Amino acid sequence: MTSNFSRLSDDDLATCVHCGLCLDACPTFRITGLETESPRGRIYLMTQWKRGTLEFDQEQVKHIDLCLGCRTCEAVCPSGVPYGRIIEAGRADVEDARRPAPKRLGSRLALRQLVAHPARLRLAGNATRLAQRLHLTSIARSGRMLPRLRARYCPPEGNIAPAFGERKHRVAFLVGCVMPILYPQSHYAAVKLLQLAGCEVWFPPGERCCGALFAHNGDLKGAERLREANTKTYRAGSFDALVVDSAGCGAHLKDFYPELKGRVKDLTEWLAEVGIPAPQKKVKVRVTYQDACHLAHAQRIKKQPRDLIRAVDGIEFVEMRHADICCGAAGLYSTLEPDMSQRILDQKLEDVLATKAEVVTVANPGCQMQLEAGLRARGSNMKVEHVAETLMRAF
Ligand code: SF4
Ligand code: SF4
């Protein structure tokens, strides 16, 4: 039997020694208890397809579809399995081999025709904002999940935000595709923090979506096109670091943009490195923190956000049980796999509510949207906010 699985690497797949130590960390295995919904099961399936020892079966694809791509398995694997790389390549191969599924074709079309084009995305944001004001929001699940949209984030005049006080660093900032529309307040807070930290912030003109959503959904060609366009843009400027306040985008830029090697920094990683001035006021709030998978597992950043939050005078920080287990958002997963996403969210909400926190701090817009929707549905008034907003409470 021949195999068309050309992107999957035999070497990568061979790193799995089938020990099973990743199973209990995998959110879909924790829900179902099924080997087929575990990292080991998925690696086995992809290996057989790659070797051509198992015929490609449209029904089996659902085990790959149900993977969140959260990379928790990669973080706990003693054998160094590069699961993120495996699932991205596997998904791209599967998309070539499978019978087109209408929902997935629709999401690919939306990514290519909307998300990749900033002007069209702005129009869609304006239309959604208007529909919300007129109470015309779609009753579809994705519509219900959207936050109430504010005016979108706009970079300052001249695409430069000056450092407050002495300029110590020059950073580029990723504005991204959906974040300036969904959560402009996160960007405003992040940029203020950078200015307070002595950074001149440059907003690369013409910068587009980084391509993370494309790559995570098996559209590597779409992701490559965006990388090409963005790389040209980044070459036009000089900067010490490209600061990113969305964990999924940061992980993708670190893995997929070789020219930026070592210069992509998550906001919390960068602030921990360069330092922020002492808080100006005392804050009285009980805060818990939900790890973003692409920050905790893909970028291995767990300590910095917690240290920064704890350093705010007056914050009562309470650690959540299973804080580093996925909330079920995972990019487009909550739209493409709503049932599994909801089951994972239900478990997560138990842990969130048990903290009795007033604020859940996050580092990724997908997690924010998922937790907000879940808490709203449970009638909770717990606030979900970006880590930059939590830190800005002190200034
Ligand atoms: S992915 Fe890693 S932890 Fe999981 S079974 Fe394979 S070697 Fe073991
Ligand atoms: S990426 Fe997440 S959902 Fe997928 S196999 Fe690994 S732990 Fe499970």
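**Before starting**

This is a predicted model, in which local features need pLDDT of at least 70, side-chain atom pairs count only at pLDDT 80 or more, and totals for chains, interfaces and linings use all residues. Residues are numbered from 1 along each chain as its sequence is written, while chains are lettered from A and ligands numbered from 1 in the order in which they are written.

**The whole protein**

Show everything as a cartoon. The protein has 21 helices and nine strands (DSSP runs numbered from the N terminus, with H or I of at least four residues for helices and E of at least two for strands). Its radius of gyration is 21 Å, close to the 21 Å that the globule rule gives for 395 residues, so the protein is as compact as a globular protein of that length. That radius is taken over C-alpha atoms, and the globule rule is 2.2 Å times the number of residues to the power 0.38. Along the principal axes, the C-alpha trace spans about 65 × 50 × 50 Å.

Of the 395 residues, 45% count as buried. A residue is buried if 20 or more other C-beta atoms lie within 10 Å of its own, exposed if 12 or fewer, and partly exposed in between, with C-beta atoms placed from the backbone. Among contacts with a separation of 6 or more, 78% join residues 24 or more positions apart; a contact means that the C-beta atoms, placed from the backbone, lie within 7 Å.

**Ligand 1**

Select ligand 1 and the residues around it. There are 14, and Cys16, Cys19, Cys22, Cys77 and Ser79 come nearest (a residue is near a molecule if its C-beta atom, placed from the backbone, lies within 6 Å of it). Helix α3 (residues 39-51) gives the most to this shell, with three residues. By class, the shell has ten nonpolar, three polar and one charged residues. Here Ala, Val, Leu, Ile, Met, Phe, Trp, Tyr, Cys and Pro count as nonpolar, Asp, Glu, Lys and Arg as charged, and the others, Gly among them, as polar.

**Ligand 2**

Move to ligand 2, which 14 residues surround; the closest are Cys26, Pro39, Cys67, Cys70 and Cys73. Which helices each supply at least two residues of this shell? They are α2 (27-32), α3 and α5 (72-76). The shell around ligand 2 has nine nonpolar, three polar and two charged residues.

**The core**

Next select Leu193, Leu194 and Val243. These have the most contacts inside the largest nonpolar core, which has 105 residues. Domain 1 (10-97) and domain 2 (285-392) both give residues to this core, so the core lies between them. A nonpolar core is a set of buried Ala, Val, Leu, Ile, Met, Phe, Trp, Tyr and Cys residues joined through C-beta atoms within 7 Å. Leaving aside neighbours within four places in sequence, Leu193 is in contact with Leu271, Ile276, Ala388, Leu391 and Met392.

**The two domains**

Colour domain 1 and domain 2 separately; their bounds come from an automatic or database domain assignment. Their centres, taken over C-alpha atoms, are 25 Å apart. The contact takes 13 residues from domain 1 and twelve from domain 2. On the domain 1 side, α2 and α5 are the elements that give two or more residues. That side has six nonpolar, four polar and three charged residues.

**Single residues**

Select His18, in the loop between α1 (10-14) and α2. His18 has a phi near 60°, a positive value in a residue other than glycine. Most residues other than glycine have a negative phi. With 9 C-beta neighbours inside 10 Å, His18 counts as exposed.

His322 also has a positive phi, of about 55°. His322 lies in the loop between β7 (315-317) and α18 (333-336) and counts as partly exposed, with 16 C-beta neighbours inside 10 Å.

End at Ala363, in the loop between β8 (359-362) and α20 (365-377). Is Ala363 buried or exposed? With 30 C-beta neighbours inside 10 Å, Ala363 counts as buried. Ser246 is 117 residues away along the chain, yet the two C-alpha atoms are separated by 6.1 Å. Beyond four places in sequence, the contacts of Ala363 include Ala247, Thr268, Ala292 and His386.

Conventions
Two residues are in contact if their C-beta atoms, placed from the backbone, lie within 7 Å.
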